[in-house]
Every structure is written in structure tokens, then in C-alpha cells.
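Biologist: I have the sequence and the model open beside each other. Could you take me through the fold, and then through the charged pairs?

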Amino acid sequence: MNAPGAAATRGGAEVPPLVLDALLGAAVAIVVAIAAASRLEGRPLSVGAFLFAVIFGALMLFRRRFSIPVLIITALAICVYYTFDYPAIGLALPMAAALYSAAEKRHLLTASVVAVVLVGLSMVFRLQEGEDPALLFGYELVSTAALMAAAIALGDGARSRRELRELGDLREREARASADRERADERLALARELHDDLGHSLSVIALHASSATESLADDPDAARASIGNVRHASTDALRQLRGTVKVLRRTGEPVPTAPEATLAELDKIAATLRQAGLEVRLRVESPVTLPTGVSAVAYRIVQEATTNVIKHARARQVTIDLHADGPLLRIEVVDDGTGATGSPSGHGIRGMAERAAALGGTVGVRSETAGTTVSAALPLEENPVANEEGS
């Protein structure tokens, strides 16, 4: 059964609160009217008593927005009712719903004080009228107080249950939002990996395919070597693509983390650049023990920077310099090709910046007429807070 303060559902449709309050008001009016009619004790039927029953019921229409005024007006209406010497209807019957509503709206103390004051006044006046104290305190007081306390307790319990539901809903929304953020981070990480690996492989393929075309007539051996490099790079790209598709097909499972490439594999990048006909100067003076995360990000920055050299720079020489500078690992990739016009931008540069920012580092790109310089600074100690925010 639904509490009066909550919306009910019938056949999957929610009953509007106003309808519930109207039904509750009708029930209060009917119960009070029946109580008044059953205690006439030989007196003529009074229209005023039934008018008060309607008033008590009508007040229920305002209990949600004005729970305290409804409570006080109901208490005052009871006092006025008894001054007209209408048939006894008790205190609990007309007050129960008002006490419930006040307690449900977190006005527990006010509801308790009003109930105690009303019961106290009733006892005083009834003693003055000569009623039997034993009956009054032994039965009337206990039953009335118990009914009022039950109404207050039910209202407070409904409030507690509602707040627990709201808290549960909030936690569920937070959990969904957190899961959505994790999935978005996983997709972003996957997009970065795919961009870096496939972008590098496809750039190498395009370069060697062009070289093979140029050498086909004059130098068949060089053309065959270039075609072999194309085959190797395309095989590697297909392997990476198949791995990515496998990950994307796994619905409902956590995305597995692929092994990160590290600075130990810089020689592969240098070899690729040399195969592309570039002179490579590689200087690595990093600490002996470099955190895996820092090493992986450093590798990806160098990979993306050199991919851009192959794709865009038309350079003859590339210098890759990594060295420790206090608490930072400094990375610099310099080419002597044609610099970009305007401010360099793109997914690759954005990916480098995001990777560095995840560790609390920075990336800068400076392009001039005679070449481009990509520089980065990464903390040598991984920052777990930055890592969580940027992952």
C-alpha cells in the first residue's frame, strides 16, 4: 500500500498527487462525519458538524505545499469544533493525516509539539467538565496519544523511505555516469592507440609505395625492397586493426589494456625513419629506471612526431633527443623539412597533448620555414591524480 505522501501506480501509470490528496481528503471527511453521526447521543443531527468534516477533508488538498499551516489550522478547527458542543469525534481522527503530512515533510518536532499541546488542552477541559479521571487517563489518553504517535511515526518513516530511495537513485545515476565516463575514456584511449599505430604504419606504407613506384624502372632491387617494407608495414597495420576490432566486439566486458610500447622500442622508429631515407640522430639519456607510464607516453609522443615528419615535412634529417632535466624528462624531435603554415593542429597533436597532460606534463609544437620542433616535458614520477583525470 502506498503512503499518502507518495504517488501510487495503477496498471503502470502514475496516479497524480492531487488525485491521491483528493481521495485522502474524502476519506478523512467521511470518517469524521461517521464518527460525528454515531455519537449524537439523542441530540439532533447538526449540519455544522458535517461542515467541519468537509473542512478537515479539504485541508488535505494543501498538505503537501503547506504542511505546517494545515497542521495548525486543523488543530484550531478541532478546538472550535468542540466549543460548539458538537458530537465527540476524538482528536486522532481529524489530526492523523495532518500529523502524518507534517512529519513526512521533516517537521517532526512541530508535529510532536502540536500533538502534545492538543492532547493536554483536551485533558484539562474534559477534567473541568467532570469526566472520570481513571477513564480519561487510563484509556482515552493512551489510545489518543498512541494513534497520534503512530501517525507521526508513519509520516517520518515514509520520509525516511523516500530519502533512501532518492539516495539510491542518486547513487545509481552516479554509477551510470561513472560507467559512461569510463567507457568514454576507454574509447578515447583506443582512438589514440589506433591513430598512433595505424597512422604511423600507413605513413610508412605510403612512403615506400611512392619510393617503389619511382624506383621500379631504374632500380628494381630498391623497388622490391620498398614493396617488402610495404608488405611488412601493412601486415603490422592489419594485426593492429584486427586487435582493435576484437576489443570493440566485446560488449559488456571491460576493455583489456594492450601492452604499451616503451622507449625500449625507439630503435624501431629510428629504423623506420632510416628506411624512409632520413638521416636519424638519436640521443637518449633517460634514467635507468623510468616509470612505465612515462616511458609509454614518451614513446607515443616520439612516434606521432616522427609520423608527421614522414607524412608532411619532406625532411632529410631528424633529431630525437630525450634526457632527464631534474624532475622532468625532456623530449625534443626536430626535423629540417618544410614547416607548417599557421598554428599546427590535428588529432595527432591533440593526442600528444592529452597523453602528456594525463601525467601532468606539457607538449609544444613550433613550426618554422626550415623545420618543425616538437618538445615535451613529462614528470619522471607518475602523478596518480593527474592520471585519473586524464585517463
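This is a predicted model: local features need pLDDT of at least 70, side-chain atom pairs count only at pLDDT 80 or more; totals for chains, interfaces and linings use all residues.

Biologist: How do β4 and β5 run, and how many bridges join them?

Modeller: Strand β4 covers residues 317-325 and strand β5 covers residues 328-335; they run antiparallel and are joined by eight bridges. As a landmark, Asp-321 stands opposite Glu-332 in β5.

Biologist: And β5 with β7, what is the sense of that pairing?

Modeller: That pairing is antiparallel too, with seven bridges between β5 and β7. Here Leu-329 stands opposite Leu-378 in β7.

Biologist: What do β6 and β7 form, and how many residues lie between them?

Modeller: They form a hairpin, with two residues between the strands. Seven bridges hold the β6 and β7 pairing, in the antiparallel sense. Val-365 stands opposite Val-374 of β7 in this pair.

Biologist: Is β7 mostly covered or mostly open?

Modeller: Mostly covered: eight of the nine residues in β7 are buried.

Biologist: I keep looking at Gln-317. Where is its place?

Modeller: Gln-317 belongs to strand β4. Its side chain makes a polar contact of 3.4 Å with the side chain of Arg-281.

Biologist: What else does Gln-317 touch?

Modeller: Leaving aside residues up to four places away in sequence, Gln-317 touches Leu-278, Glu-279, Arg-281, Val-334, Asp-335 and Asp-336.

Biologist: Stepping back to the whole chain, how many helices and strands are there?

Modeller: The protein chain has eleven helices and seven strands. It counts 391 residues, and 38% of them are buried.

Biologist: How much accessible surface does the chain have?

Modeller: The accessible surface comes to about 22300 Å², and carbon and sulfur atoms account for 60% of that.

Biologist: What share of the contacts joins residues at least 24 apart?

Modeller: The share is 71%, taken among contacts between residues at least 6 apart in sequence.

Biologist: Now the charged pairs. How many salt bridges are there?

Modeller: The count comes to 14 salt bridges. One of them is between Arg-63 and Asp-21, whose closest N and O atoms are 3.0 Å apart. This pair links distant parts of the chain, 42 residues apart: Arg-63 is in the loop between α2 (47-58) and α3 (67-83), and Asp-21 is in helix α1, residues 17-38.

Biologist: Are Arg-63 and Asp-21 buried or exposed?

Modeller: Both Arg-63 and Asp-21 are buried.

Biologist: What about Arg-106 and Glu-163?

Modeller: Their side chains meet in a salt bridge at 2.2 Å, N to O. Arg-106 lies in the loop between α4 (92-104) and α5 (108-128), and Glu-163 in helix α6 (residues 133-215), so the pair ties together parts that are 57 residues apart in sequence.

Biologist: Is Arg-106 buried or exposed?

Modeller: Arg-106 is exposed, with a relative accessible area of 55%, whereas Glu-163 counts as partly exposed at 28%.

Biologist: Which residue forms a salt bridge with Lys-268?

Modeller: The partner of Lys-268 is Glu-265, with the closest N and O atoms 3.3 Å apart. Lys-268 is exposed, at a relative accessible area of 54%, and Glu-265 is partly exposed, at 27%.

Biologist: Which residues do salt bridges with shared partners join into one network?

Modeller: That network consists of Asp-21, Arg-63, Arg-64, Glu-104, Arg-162 and Glu-166.

Notes: Residues are numbered from 1 along each chain as its sequence is written. Side-chain values use heavy atoms; hydrogens and water are left out. Two strands pair if DSSP finds at least two bridges between them. Helices (H or I, at least four residues) and strands (E, at least two) are DSSP runs, numbered from the N terminus. Buried means under 20% relative accessible area, exposed over 50%, partly exposed in between (1.4 Å probe, protein chains only). A polar contact is a pair of N or O atoms within 3.5 Å; within protein, one must be able to donate a hydrogen and the other to accept it, and residues adjacent in sequence count only if both atoms are side-chain atoms. Contact means heavy atoms within 4.5 Å. Accessible areas come from the Shrake-Rupley method with a 1.4 Å probe; for residues, only the protein chains shown count as cover. A salt bridge is a side-chain nitrogen of Lys or Arg within 4 Å of a carboxyl oxygen of Asp or Glu.
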